[in-house]
Amino acid sequence: MGYLSADEVERFARAANDTVERQWRPSDQDYAGDLQKLWSAAASQGWFDLGTSNALAAVLALCRVTGRAACPLPVMDGFVAVRLLDAAADFAADAAAGAVRIVVSTQRAGAGSTVRFAEAGMVASHVLVVPPEGGRATLHAIEYARPVAGLAIPPWTDLELGAAVARVDLTADEADEIVVLLRLALATRALAAAERAHEMAVRHAKSRKQFGRAIGSFGAVQQRAATCQIDVSAGNLLIADAARRYGAGSPDWISAAELAVSHVAATARRVQQAAHYTLGAAGYFEGHDGPWLFRRVHADIACLPLFGRSCGEFADVLVNTDTALPDPDLPPEAEALRAEFRLFVSERPAPDGISETSDDMALVDAMAARGWFGMVWPPDAGGRGATLAEQFVLQDEVAFDRLPVNNAMAAVSVVGTQIARHGTAQQRERYLPLIREGKLTFCLGYSEPDAGSDLAALTTSAVRDGDDWVINGRKAWITNAHTAQYVWLAVRTDPAATPPHAGISIFMVPMATPGIATQAHRALSGQVAGSISFDDVRVSDADRVGPVNRGWEVIADTLVGERLLLAGRFAATLHRQLRDLLAAVRRDPDAVGPRGSANRARLGALAAGVQAVRQLLAAAIRPLPPGAPSWLRLAVPMAGVLVGESAAEFGAAALDLLGPAAALGAGEPGVPGDGAFEYGLRLSVLSFLGGGTNDVQRGLIARGLGLI
């Protein structure tokens, strides 16, 4: 079987699923007989011949199929064995044909030894023993197999080995690659089992009624389901990224794979548990697939330490080497801009400290001269029709490098893009050149004391008076209200509209207009925000952007872009903090604990969380392929939730790992990360709130799952 395209992998997986459904039911309890039949059927369909073409994506698809069926058929073991035993042609051919049934172990063992916790050992004929540090791998016939009772169903097996019948010498890198493949397979299978349980829980929540309504309408159930969907979706993206990098021959595929494994190890069990909480008693008894999936998830995650890498967990690799997170895969034009921007930054002095309040106008001018502000606008608006991916890369690089151009960047995405789409010719002529030059400052007039994330509840009103409108009301928590030239203002122009959002309009109002007053407030982060009161403020109808009472269309455009770019900004900030944290830890690795310590594990979890957010954001900006899973449309709110949680955990972890020095501010001598850790911790609350609270975002995700 040669190279398989994505469509071919999908068709292959569907056929495999049909085979598994015919041959395997964990509740049958004839585990050996069913596995024997399935192994033979799988071999006849080429499952164990994938090693000859190195088709990892297809193998992982099979791992998903078997995971969803709670089946331990060792397809990755066959993939590895066929690759390694290629020189021993008879064994490779027999393994591909299913005549020789091989499981792989990294436990040190030879003739007369016992390999423990083997999956499918009751029907295996041979064990391939691979030393994780490299050296001689040996293939042994199985002399005796003893099932051991416990969590795993089918049961794990203790295997007594006979004499070696084949030998293969491996370099350390070759052995490490095999170990990572086995770990990735376990993670993929566990996540697939947890995902199926989650899907059953969502279906159950739609139909199961309690207290007169579907339990999916209960807030607690919705929040739980949304959290599980985030974990599952991020895990699938991380696994797919590892497979893509492997197929492309990228040297960082191992880092991508270990990030996926770290994420699944931290999330699969809690997804499975949460599914059982929603399923209740219906999923607790063995007439339901829930108990079998529960066993599969926990057994697979429990086996991950059996396939330990000689270099340690990914956290150890991060601490002991200069390994960095691989950049998510983006379209070529975005990667070209990334390279161009990094060259631009390398030729300029590094920014002095962290600034969230004011822009460096020399830097703004230099970026404006390159056409980077407003590049996504159409040519008739002064842009060049750049893609959303390019805009995202620009935002990502700016935030990672902590460049003080945030106000200019925000003016482009929140105000400029909407004026380019919805504004009049006069508005475009008046505002867009200023925004392209980075010389327009604004504040966002959405939130009110009683209308934060629920913008449809806003009450600030605008009443028509001839060619003018008279505005009254109050806005709250408005960043830069005290310095902005304009307020991008959402007001109610039809108080009787149904639904409420149908009566909202948008205005671009000069802050110097009579009747506008501001009161400044300093936030926990140190940023200054303000309350704005409007007392009979008279503005011209020429200041209205978009049709009367159809401002929600403009708001929706703004919110989509704001949530994506805001989550991207926080993700890039966390990515930079991770780099700074690793730099501090690498100066004294022993200070965070030895290999396998809880502190090192926490570092690995932080890295996996940051990478999960980056993969969700990358998925959000790529065009949806035909037949894409529906959850991809929820990537932006999922990223928003995950980045908020990661930010809070990151700030606390930095203080725990580095001690009180990490709580010192910028400018203090020797402060780790130049003060970024304590600032990031204070800012983490905003990452939960910005663009709509995490609770609201989870509600949107739950609605996308059909839970209403």
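Reader: Which residues form one aromatic cluster here?

Author: In this predicted model, one aromatic cluster is formed by F341, F344 and W372.

Reader: How many aromatic pairs does the count give?

Author: Two rings are taken as a pair if their centres lie within 6.5 Å, and by this rule the count comes to nine aromatic pairs. One of them joins Y284 and F285, an edge-to-face pair with 5.5 Å from centre to centre and 90 degrees between the planes.

Reader: Why is the pair of Y431 and Y486 called edge-to-face?

Author: The general idea is that planes over 60 degrees apart count as edge-to-face. In this case the planes of Y431 and Y486 stand at 90 degrees, with the ring centres 5.3 Å apart, and therefore the pair is edge-to-face.

Reader: Which parts of the chain does that pair tie together, and are its two residues buried or exposed?

Author: Because Y431 belongs to helix 15 (residues 425-436) while Y486 belongs to strand 11 (residues 486-492), the pair ties together parts that are 55 residues apart in sequence. Y431 is buried, its relative accessible area being 2%, and Y486 also counts as buried, at 11% relative accessibility.

Reader: Where does a charged side chain lie over an aromatic ring?

Author: To read this feature, look for the end of a Lys or Arg side chain within 6 Å of a ring centre and within 35 degrees of the ring normal. R116 lies over the face of F117, at 4.7 Å from the centre of that ring, and the charged end of R576 sits over the ring of F400, 5.7 Å from its centre.

Reader: How many disulfides does a search of the whole structure find?

Author: A disulfide is a covalent bond that links the sulfur atoms of two cysteines. Here the search of the whole structure finds zero disulfides. For C63, which is in no disulfide, the nearest cysteine sulfur belongs to C71 and is 11 Å away; C63 is buried, with a relative accessible area of 3%. C311 is likewise in no disulfide, and the nearest cysteine sulfur, that of C303, is 20 Å away from C311, a residue that is partly exposed, with a relative accessible area of 29%.

Reader: Which residues make the nonpolar surface patch of about 420 Å²?

Author: That nonpolar surface patch is made by L524, V685, L686, F688 and L689. Among them, L686 is found in helix 19 (residues 676-689), and at 34% relative accessibility L686 counts as partly exposed.

Terms used. Residues numbered from 1 in each chain as written. Predicted model: local features only at pLDDT ≥ 70, side-chain atom pairs only at ≥ 80, totals over all residues. Heavy atoms only, no water. Phe/Tyr/Trp six-rings, centres within 6.5 Å; stacked < 30°, edge-to-face > 60°. Helix = DSSP H or I, 4+ residues; strand = E, 2+ residues; numbered from the N terminus. Buried < 20%, exposed > 50% of the residue type's maximum accessible area, 1.4 Å probe, protein only. Disulfide = S-S within 2.5 Å. Patch = residues over 30% accessible without salt bridge, like charges linked within 9 Å, V, L, I, M, F, W, Y side chains within 5 Å. Areas by Shrake-Rupley, 256 points an atom, 1.4 Å probe, with all protein chains shown as cover. Salt bridge = Lys/Arg side-chain N within 4 Å of Asp/Glu carboxyl O.
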